Amino acid sequence: MSKPAAVRGKSSGRSKQKPVATTCNLGQLKWIQYPGHFNQALSKAIVTPERSGSRFFDYRMSCYEPGAYVESHVHKVQEQIYHVISGEGILVVDGEERLVRANDVTHIPPGVVHEFHCTGTETLVFLVITSPPMDEEPCR
């Protein structure tokens with residue numbers, strides 16, 4: 001079996017770089033309060049196009065102090081998964097309030113209005129997976 005041209009040392013005429021796997025420790029990343037997030041609704045951007053070159057998803061850890069929230073919003077083309085690790089809060093999905101706790105996972109398709117509030121007495125920690133990483137035109 002012959003090796004691809006790039007492996008044999010021949011250029012294919014394209015200057016495409018080989019993808020590189022990335023690893024980080026969460027302690028290396030700063031907490032960020034993004035627009036539309038309030039009262040210590042913080043996130044760490046773990047895997048993003050800017051940070052790691054991902055093309056198909058954005059992966060973040062969020063940490064909301066009691067009283068923190070993200071305002072009501074909707075995504076045009078993005079879908080999201082919220083996976084609660086600890087704490088509890090109210091996830092409002094198309095006007096329906098849902099109490100969510102550790103081990104609850106919610107899939108939010110494009111076009112669904114949502115907001116998230118830490119209503120518990122402890123910090124709400126959850127993972128957010130978004131695909132694609134960029135919305136064509138965020139709707140508010």
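Guide: What follows is a short walk through the core and its surroundings. Keep in mind that this is a predicted model.

Start with the largest nonpolar core. It has 16 residues. Those with the most contacts inside it are Y64, Y82, V84, L91, F116, L124 and F126. Which elements give two or more residues to this core? They are β5 (79-86), β6 (88-93) and β10 (124-131). The largest share, three residues, comes from β10.

Next, the rings. The count of aromatic pairs comes to six. One of them joins Y82 and F116. This pair is stacked, at 5.5 Å centre to centre, with 25 degrees between the planes. Y82 lies in strand β5 and F116 in strand β9 (residues 114-117), so the pair ties together parts that are 34 residues apart in sequence. Are these two residues buried or exposed? Both Y82 and F116 are buried. Ring pairs also link Y64, Y82, F116 and F126 into a cluster. Elsewhere, a ring meets a charge: the charged end of R60 sits over the ring of Y34, 4.4 Å from its centre.

Turn to the cysteines. The structure holds zero disulfides. C63 is in none, and the nearest cysteine sulfur, that of C118, is 8.6 Å away. A disulfide would need the two sulfur atoms within 2.5 Å. C118 is likewise in no disulfide, its nearest cysteine sulfur being that of C63. C63 counts as buried because its relative accessibility is 15%, under the 20% limit. C118 is buried too, with a relative accessible area of 4%.

Finish at S54. Where does S54 sit? Its place is in the loop between α2 (49-52) and β3 (58-64). S54 is buried, with a relative accessible area of 12%. Not counting residues up to four places away in sequence, S54 touches V47, T48 and P49. The side chain of S54 reaches the backbone oxygen of F57 at 2.8 Å. Along the chain, S54 and P133 are 79 residues apart. Their C-alpha atoms are separated by 8.2 Å.

Technical notes: Residues are numbered from 1 along each chain as its sequence is written. This is a predicted model: local features need pLDDT of at least 70, side-chain atom pairs count only at pLDDT 80 or more; totals for chains, interfaces and linings use all residues. Side-chain values use heavy atoms; hydrogens and water are left out. A nonpolar core is a set of buried Ala, Val, Leu, Ile, Met, Phe, Trp, Tyr and Cys residues joined through side-chain atoms within 4.5 Å. Buried means under 20% relative accessible area, exposed over 50%, partly exposed in between (1.4 Å probe, protein chains only). Helices (H or I, at least four residues) and strands (E, at least two) are DSSP runs, numbered from the N terminus. Contact means heavy atoms within 4.5 Å. A polar contact is a pair of N or O atoms within 3.5 Å; within protein, one must be able to donate a hydrogen and the other to accept it, and residues adjacent in sequence count only if both atoms are side-chain atoms. Rings of Phe, Tyr and Trp (its six-membered ring) pair if their centres lie within 6.5 Å; planes under 30 degrees apart count as stacked, over 60 as edge-to-face and the rest as tilted. A charge sits over a ring if NZ of Lys or CZ of Arg is within 6 Å of the ring centre and within 35 degrees of the ring normal.
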